[in-house]
Amino acid sequence: MSDIPSNAVEYWKANLRLIVGSMAIWAFVSYGCAILFRPFLSGIPIGGTDLGFWFAQQGSILTFIGLIFFYAWRMNTLDKKFGLDEE
Amino acid sequence: MDQFYINLLFVGGSFALYIAIAIWAKAGSTSDFYVAGGGIHPVTNGMAIGADWMSAASFISMAGLIAAGGYANSTFLMGWTGGYVLLAMLLAPYLRKFGKFTVPEFIGDRFYSRNARFVAVACLLAASITYVIGQMAGAGVAFSRFLEVDATTGLIIAAIVVFIYAVLGGMKGITYTQVAQYCVLIIAYTIPAVFISLQLTGNPIPPLGLFSTHVESGVPLLEKLDEVITALGFRDYTADVDNKLNMVLFTLSLMIGTAGLPHVIIRFFTVPKVADARWSAGWALVFIALLYLTAPAVASMARLNLMTTIYPDGPEAQAIEYEERPQWIREWEVTGLIQFEDKNNDGRIQHYNDTEEFEPTAEARGWEGNEFNYNNDILVLANPEIANLPGWVIGLIAAGGLAAALSTAAGLLLAISSAVSHDLIKGAINPNISDKGELLAARISMGVAIALATYLGANPPGFAAQVVALAFGIAAASLFPALMMGIFSKRVNNKGAIAGMLAGLISTLVYIFIFLGWFFIPGTNNLANTPDNWLLGISPLSFGAVGAMINFAVAFIVSNATEEPPVEIQELVESVRYPRGAGKATGH
């Protein structure tokens, strides 16, 4: 159990940075654009309503998909860079 | 051909397919039974997660909820998809690396405590059993509407089919049937949506149609819908909400709850590698989004269609005469999901919002009350008929609704039976049980779980509507924080985790019970369930997020006041954080 690779700490820090950044976008599109900031975005019309409505019914979901694939791709790169991937 | 036989053909055909898959994918070991042998491709797993996750609520009820609430109910769309971001980044890859069969097993090992494992089992059982009741009841209702058998008979047929593929195949059988069920349900959902979108906007892609121009009137679809419903006293479809705090917390509760539901988490144990667990989450959300991006389009289009059916010449003109109502209204009236009462005896169907502000308008038009009520579920169930689509599309909707209910039920039943056979029987009662013995125990507990779910589905305990809130509340307030802290903190110890789980669980249950009645017994609530009584305007359904915060806070405070976890546990936490060295999921 105690054979923890020496660069595991660095790897974890890089992962945490990536998670914090991704979660910031996650919160920004859903809680931000779709809910709290909707009144400020009401000037941007989109198909009969405003940008906030679009984020609430489509934009957030599309962003979530993008975020997960971006995260998966970045982490796989990090796994290899730090030599911590599965053989 | 008679509609009944078309429905029978579609439902019977899909059931035969599920059973054929079950015979092909028989489980031979506990590894097959719990994690499908651990060799599922991430795209296949993503599809299975889609069916596992999308229940009768997503398939039948969600579009109706959005149609009724408009923008305000976008919470369901964001809440039930945003949880996958949490799963992909905060839970799935690390739990896959840990490589065991069940969720309570991780909690028990990480917090080196049998009691922690039992608390987790209790939370899992409470969340999953309440959730499965709704699925079985939903399957029974779908049977009775489309195949003209009574709900209990329908329920028993559904239970037998689930029994065959879940007991025989375990996770292996469930995985491949879920893939088939996903295909059935997504085709059933999108075909009517494409036709309706074409009819109303000329755009064959429903999510694009939602923001396109309404062909008949030349104004954007959503503007047209707002115009029609506000003329009848309803709330503006796209209107903003005032209570933003509650909207944020409700969305957050759904997201955290989604990420903490054990039947979803265990699906990530079936892939060969940690990297696959990450990809699976992405693919799962792609497959889920196909339905979740279509649902809001179905919602607004079906609502507009319904309004134009009742007011063919616009909301300012006369409503349709009752005797001239279309065939689908006649058919759904029989089920009681559509009700008409001619209050002013003019032979026409007046449908409007009976509010004080609208009363002068209604009086001026000679209306004496809203005469038309419909259950939100018909917006999806009657969708093909409203759009005049052929009979086979209706048969498809019947098969799709059942696929959605049964795939989720099977996933939940597996989570329940593995908690009983692996966490209770092997984990506590008889640790020396052989693999064969455990497999038999898993099959028996699955059988018992199906019998219990069928019984409760046929005799719902009177709180069926609230159970989903309960399941999400429990998952959000108890399981999600414990799992996340187990991975992201080395400092949280056994005492902290148990105190946190109990604090989160109890605070959430108490808050729900105060407003909805103790154990949902009608009349036992201490306060009326109205926004004035809610703490800071937080509804009982939104409290799961607050319960999760209480869980985190209590766990940190208690852990910091007590001793550090042992060195080997801290090393265990280190080791789940990187993929190297992951094997297939095991029970040892």
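Me: How far apart do the C-alpha centres of domain 1 and domain 2 of chain B lie?
Reply: This is a predicted model, where local features need pLDDT of at least 70, side-chain atom pairs count only at pLDDT 80 or more, and totals for chains, interfaces and linings use all residues. Residues are numbered from 1 along each chain as its sequence is written, with chains lettered from A and ligands numbered from 1 in written order. Chain B splits into domain 1 (3-304 + 387-576) and domain 2 (305-384), bounds that come from an automatic or database domain assignment. Between their C-alpha centres the gap is 34 Å.

Me: Which element gives the most to the side of domain 1 of chain B that touches domain 2 of chain B?
Reply: Here 27 residues of domain 1 of chain B are in contact with 20 of domain 2 of chain B (C-beta atoms, placed from the backbone, within 7 Å). α4 (56-69), α8 (151-201), α10, α13 and α18 (391-429) of chain B each give two or more residues to the domain 1 side (helices are DSSP runs of H or I, at least four residues, numbered from the N terminus). With seven residues, the top contributor is α4(B).

Me: And which helix supplies the largest share of the side of chain B that touches chain A?
Reply: That interface has 45 residues of chain B in contact with 40 of chain A. On the chain B side, α5 (74-98), α10 (221-230), α11 (244-260), α13 (274-310) and α23 (567-576) each supply at least two residues. The largest share, twelve residues, comes from α13(B).

Technical notes: Contact = placed C-beta atoms within 7 Å.
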